[in-house]
Amino acid sequence: MVKLGNSIPGPAGLPFLGIALIGLGKTPHGTNNIVEKALEIGKNFGPVIRAWLGPKLLIFLTEPDDVEVILNSQIHIDKSTEYRFFKPWLGEGLLISSGEKWRSHRKMIAPTFHLNILKSFIGVFNTNSQAVCERLEKEIGKTFDVHDHLSGVTVDILLETAMGISRKTHDSDGFDYAMAVMKMCDIIHQRHYKFWLRSNWVFNLTSIAKQQVKLLNIIHGLTSKVIKNKKEIFLRNKERGIEMPSVTKIISEGRDQKTVNEVKPKVPVKGLRDDLDENDENDVGEKRRLAFLDLMLESAQSGTANITDHEIKEEVDTIMFEGHDTTAAGSSFVLCLLGIHQEVQAKVYQELIDIFGDSDRDATFQDTLEMKYLERVILESLRMYPPVPLIARKLNQDVKIVTKNYVLPKGATVVIATLKIHRKPELYPNPDTFNPDNFLPEKTQDRHYYGFIPFSAGPRSCVGRKYAMLKLKVMLSTILRKYHINSDLTEKDFKLQADIILKRTDGFRIQIEPRQPVTKSM
């Protein structure tokens, strides 16, 4: 490992410690933060960088051809050991499980993100988007951090779509749950950059470990309570002869009962296509809404999936974690960028006027298919500021990559630097300039598939990608129809924060003002 590792260029380290001391005095935020230090180091080396963290070998990849070797593999699918910090929270959920358990759970969960099922969530997306618009009214005329509002509404949506409960009926629980999730993210991140907390023995002696226990009691308590209640209802209904429709039935019924105005969506942007698209060859009208939890319980009770209640809890916890801050940060970056680029915001708004006219009606699934410019804006924001800036995999065997035929040794951790890949000038001319036209069909068709990976790619790509895009379109279009966004900053003023999710340490500060009625263009 040492021989192969040191054949790759990288920063010099100290004996036994490697580059571990780089983290000393660094924080996720502030002027002396880890993101800035990492980007500074990256400029001094090529597309493949080696770094020793004590005896641990890290290899950073920024070339799409090399990234494809890792992400497109059925062998290198194990997450790095750093993901173990999630285990007390997420157990063996889809994020960190491996082997046959990951494959069987992925096969079971992927169909629950079928478009036929996602379309039933449109009403939830609309109701909660309208609610956040109402809460934003008090911010008119102020400079405020929009992330606080978007984080709250994202949790509300997830409580309904993942667990099938409403903040109205679980107000206190929902708030406590949201706060616990955010605090747990902070604890896990501290264990990544404070190397002395990586040891479970040391960590368990700290006050942070005691706080983690309290937070997990809140998180797991709510999930377990909801699963228990849902299961009791499911069994009572079954005794009465009331059966919950299965995932397969919902999908097949949708294929047989297309709505009159149904329009089959075009193939997604090339860089976003994955195994989920294979499930969505036919599209349907809105069906009865069932939360992901309901669908998993039905699969377990009917025997179509071999999954225990405990494993269901782990998967629901995983969906709640993965779907929360990613969407909140992603939508916050979009609004900040639109506040800066007024000409882009004007185009987005004109597209919405062309779709909705002067109506204040809710968005439909068909409307989201017509939001082509807004989609390009979202994709460009995800390019410049991917919510998950790094992907890490553990190598279970030696692997040769394209760049200089380097051989990456078994046991090394490969870190895919999404943030860096998305700023490569050979993929995106003027990569530091916000330009939604980077995602015009003629621009994307010849771009390397692994040159745009905000949802990862390959066998372990994000199972919730279509859910996220649909939610973002409904939420952002609702906000932009009601408010004009302003910002007195530029992208150069953004201070990126090294957290589990990419954020701004200076906050997502914008100003809003009510829209004036605009007539539909001819």
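A residue counts as buried when its relative accessible area is under 20%, as exposed when over 50%, and as partly exposed in between, using a 1.4 Å probe and protein chains only. By that rule, buried residues make up 57% of the 522 residues in the protein. The model is predicted: local features need pLDDT of at least 70, side-chain atom pairs count only at pLDDT 80 or more, and totals for chains, interfaces and linings use all residues. Residues are numbered from 1 along each chain as its sequence is written, and side-chain values use heavy atoms, with hydrogens and water left out.

**Overall make-up**

- The protein has 21 helices and 11 strands; these are DSSP runs numbered from the N terminus, helices being H or I with at least four residues and strands E with at least two.
- Of the contacts (heavy atoms within 4.5 Å) between residues at least 6 apart in sequence, 79% join residues at least 24 apart.

**Helices 15 and 16**

- The axes of helix 15 (residues 309–340) and helix 16 (residues 342–356) come within 5 Å and cross at roughly 110°.
- Axes are lines fitted to C-alpha atoms, for helices over the stretch in contact, and angles between N-to-C directions run from 0 to 180 degrees.
- Helix 15 contributes Leu338, Gly339 and Ile340 to the contact, and helix 16 contributes Gln342, Val344, Gln345 and Val348.

- An open sheet is formed by 3 strands in the order 3-11-8, with antiparallel pairing; two strands pair if DSSP finds at least two bridges between them.
- Strand 3 (144–145) and strand 8 (483–486) are the edge strands, each pairing on one side only.
- Strand 3 is joined to strand 11 (residues 509–514) by 2 bridges, and Asp145 stands opposite Arg509.
- Strand 8 pairs with strand 11 over 4 bridges, and Asn486 has Gln511 as its bridge partner.
- Tyr483 and Ile485 lie on the covered face of strand 8, while His484 and Asn486 lie on the uncovered one.

**Helix 21**

- Helix 21 (residues 465–482) has 18 residues and reaches 26 Å from its first C-alpha to its last.
- That span is close to the expected 26 Å, which is 1.5 Å times one less than the number of residues.
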